[in-house]
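This report describes a protein chain through its secondary structure, the packing of selected helices and the setting of selected residues. The sequence and the structure are shown first.

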Amino acid sequence: MKRVYTLYRVSTKKQVNLSENHENDIPMQRGACHEFVKCRQDWEIVKEFEEKGVSGFKVSAKDRDAILDLQEAALKKEFDVLLVFMFDRIGRIDDETPFIVEWFVKTGGVEVWSVKEGEQRFETHVDKLTNYIRFWQASGESEKTSIRIKTRIGQLKLDGLYTGGPMPYGYRTVPSGVRNRKGKELKRFEIDLEQFVIFRMIVEKTINNGSGCYVIAHYLNDQGYRTANGSRFTSMAVRRILSSSLPRGLTNEGETSEPLQKLKIISEEEAAQIDEILRQRTVVDEEKRRIAMKTKGQAMLSGNLFCAHCGGRMITSHHKDHYFRKDGSEYLKDVLKYRCYHKTNKLCECDGQTSYIAEKVDEAVRQVMRQVFMNMSGAPEEDKYKEILKKQQAAHAAGKRKITLEMDKNRRQLEVLQQEIGKSLLGDSLYSPEDLKEAISVIKARIADGEERLEKLNNEMNQKKEMTEAVLPAYRRFKSWAEEFDSAPMEQKKMISCQLFERIELGQDYTITFHMNITYQQFCPDWPSGDHIFKVA
């Protein structure tokens with residue numbers, strides 16, 4: 001009796017156990033293989049392998065446990081026949097799977113059979129060519145299917161249609177009037193006005209008040225608000241809401257369209273501010289963080305004040321000072337102070353003061369900020385920045401054109417090498433299949449490198465474009481700070497000072513050094529080119 005091992009594979013987990021008539025599910029493959037073996041009296045199925053949700057096009061054989069186990073069993077002579085429903089169940093990679101099949105026959109010493117296509121032999125050059133062409137066609141079909149599905153899903157997203165997955169906060173779905181090929185009506189996104197109000201509340205508290213995700217979640221829960229599924233808000237839920245792509249008018253891939261722009265509920269400027277705040281509040285960025293982790297409390301500079309002597313962060317603490325009246329009676333006064341964290345905890349040799357009165361420092365900073373706002377210049381020339389952007393785009397286009405030409409050349413070489421494989425299998429080529437496989441790998445690596453360089457170039461251009469286009473919004477933001485600073489609540493004053501100054505250093509005798517954010521320094525012609533030092537009287 002010939003010992004038979006079978007292999008069943010499906011690309012998606014939805015295909016694992018569908019109806020019996022489905023041409024790709026595992027029950028159908030198993031049934032067809034068992035019927036095929038019944039017709040051969042000297043065959044017996046002794047072991048069955050299943051791969052559920054494994055793509056034969058995307059996953060290499062070296063990463064598939066079933067293929068590795070089958071190869072090991074073949075070397076141990078544990079079976080005589082490998083049976084599959086169709087050969088593409090073994091794989092769909094044109095420069096790999098044909099050689100896997102050949103390995104089983106020549107090295108493993110087993111017969112490879114397909115219910116639909118019979119036995120794959122390697123007795124002649126025609127057999128080798130047939131083997132290669134079969135998997136070359138399967139690879140092409142998989143690639144076309146993948147492109148077609150990705151393109152279709154991408155287009156649905158750009159049309160503002162719901163394609164599955166968690167529902168972004170601030171939206172609901174309604175019938176779209178569009179039907180898919182199965183006749184099922186698709187749904188489109190629509191702004192949910194009730195959730196929109198809460199969404200805007202989260203945005204305002206993050207940007208203007210500097211409230212963290214935990215504080216916002218606690219506030220929303222206390223006010224009786226709930227998430228879309230009726231649950232209490234958590235800090236992670238608030239963070240996901242702030243980071244979501246759809247409210248920014250974008251897909252998850254960063255693309256946009258007119259329908260998505262109509263669904264936009266936060267501006268690009270607000271999105272950039274939110275991203276910067278969230279980034280600085282991560283533990284990874286602890287050393288560079290200047291935005292306070294918490295905005296509660298009376299100290300205005302918490303999070304952005306550093307010791308001028310050791311560079312350590314200044315922390316706040318309450319201290320009770322003792323005073324005596326003329327009549328001899330004693331009274332206590334609660335004084336908020338800034339303390340050098342390093343010196344307080346004896347972490348280094350700091351020659352600065354241990355503590356400073358917070359109100360004295362804050363008032364000095366407020367004076368400097370009022371002076372900055374009073375001396376702000378007019379709006380920058382828009383044409384100047386447009387000209388800079390135009391030159392940057394021209395340089396980007398030239399670099400992109402050069403890389404694209406290199407990639408096109410490599411793709412043509414790849415096509416020639418792939419055509420040469422067929423000749424090699426027929427014995428009409430100067431190169432062996434192994435040499436061609438190695439050469440193809442090199443060309444594919446070059447193409448991948450070109451794609452990586454192209455992506456990097458595009459990202460750099462996008463960053464330059466964002467920086468250039470951010471000038472005018474930055475000026476408007478700077479102007480609004482000037483108008484509202486004195487009347488703003490403490491939380492907002494903290495956020496303004498954190499964003500206006502990269503860093504504020506406090507030294508002996510209340511000497512304050514200001515490092516202004518370069519984005520806003522361009523609007524202050526009277527500000528020194530370097531750092532500004534202010535000494536409290």
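The following paragraphs treat the chain as a whole, then helix packing, and then individual residues.

**Overall architecture**

The model is predicted. Its protein chain contains 16 helices and 14 strands. Of the 537 residues in the chain, 43% count as buried. Among contacts between residues at least 6 apart in sequence, 62% join residues at least 24 apart.

**Helix H2 and its surroundings**

Helix H2 spans residues 65-75, and its buried residues are Ala 66, Ile 67, Leu 70, Gln 71, Ala 73 and Ala 74. Viewed down the axis of H2, these buried residues fall within an arc of 165°, so they line one face of the helix. On the face of H2 turned away from the buried side are the exposed residues Asp 65 and Leu 75.

Just after H2, Lys 77 adopts a positive phi of about 60°.

The contact of H2 with H3 involves Ile 67, Leu 70, Gln 71, Ala 74 and Leu 75 on the H2 side, which meet Ile 100, Trp 103 and Phe 104 of H3. By class, the residues of this contact divide into seven nonpolar, one polar and no charged.

| Helix pair | Packing angle | Axis separation | Crossing |
|---|---|---|---|
| H2 and H3 | about 20° | 10 Å | left-handed |
| H11 and H15 | about 70° | 12 Å | left-handed |
| H5 and H6 | about 140° | 10 Å | right-handed |

At an angle of about 20°, H2 and H3 are therefore roughly parallel to each other. H11 and H15 pack at about 70° and are therefore roughly perpendicular to each other. For H5 and H6 the angle is about 140°, and these two helices are therefore oblique to each other.

Helix H5 covers residues 193-207 and helix H6 covers residues 213-222. In their contact, Ile 198, Met 201, Ile 202, Lys 205 and Thr 206 of H5 meet Ile 216, Tyr 219 and Leu 220 of H6. The residues of this contact comprise six nonpolar, one polar and one charged.

**Helix H15 and the residues that follow**

Nine of the 11 residues of helix H15 (residues 490-500) are buried, so the helix is largely enclosed by the rest of the structure. The buried residues of H15 are Gln 492, Lys 493, Lys 494, Met 495, Ile 496, Ser 497, Cys 498, Gln 499 and Leu 500. Helix H11 comprises residues 358-374. From H11, Arg 366, Met 369 and Phe 373 meet Lys 493, Ile 496, Ser 497 and Leu 500 of H15. The residues of the contact of H11 with H15 divide into four nonpolar, one polar and two charged.

Leu 500 can also be related to Phe 514: the two are 14 residues apart in sequence and 9.9 Å apart in space, C-alpha to C-alpha. Phe 514 lies in strand S13 (residues 511-516) and is buried, with a relative accessible area of 0%.

**Loop residues**

Asp 509 is located in the loop between strand S12 (501-507) and S13. Asp 509 is not a glycine, yet its phi is positive, at about 60°. With a relative accessible area of 48%, Asp 509 is partly exposed.

Lys 346 occupies the loop between helix H10 (341-344) and strand S11 (355-357). Lys 346 likewise has a positive phi, near 55°, in a residue other than glycine. At 76% relative accessibility, Lys 346 counts as exposed. In general, most residues other than glycine have a negative phi.

Gln 522 is placed in the loop between helix H16 (518-521) and strand S14 (532-535). Gln 522 is partly exposed, with a relative accessible area of 37%. The C-alpha atoms of Gln 522 and Tyr 475 are separated by 9.2 Å, although these residues are 47 residues apart along the chain.

Note on methods: Residues numbered from 1 in each chain as written. Predicted model: local features only at pLDDT ≥ 70, side-chain atom pairs only at ≥ 80, totals over all residues. Heavy atoms only, no water. Buried < 20%, exposed > 50% of the residue type's maximum accessible area, 1.4 Å probe, protein only. Helix = DSSP H or I, 4+ residues; strand = E, 2+ residues; numbered from the N terminus. Arc of directions from axis to C-beta. Axes fitted to C-alpha atoms, helices over the stretch in contact; angles between N-to-C directions. Parallel < 35°, antiparallel > 145°, perpendicular 65-115°, else oblique. Left-handed = near helix turned anticlockwise from the far one by under 90°. Contact = heavy atoms within 4.5 Å. Nonpolar A, V, L, I, M, F, W, Y, C, P; charged D, E, K, R; others polar.
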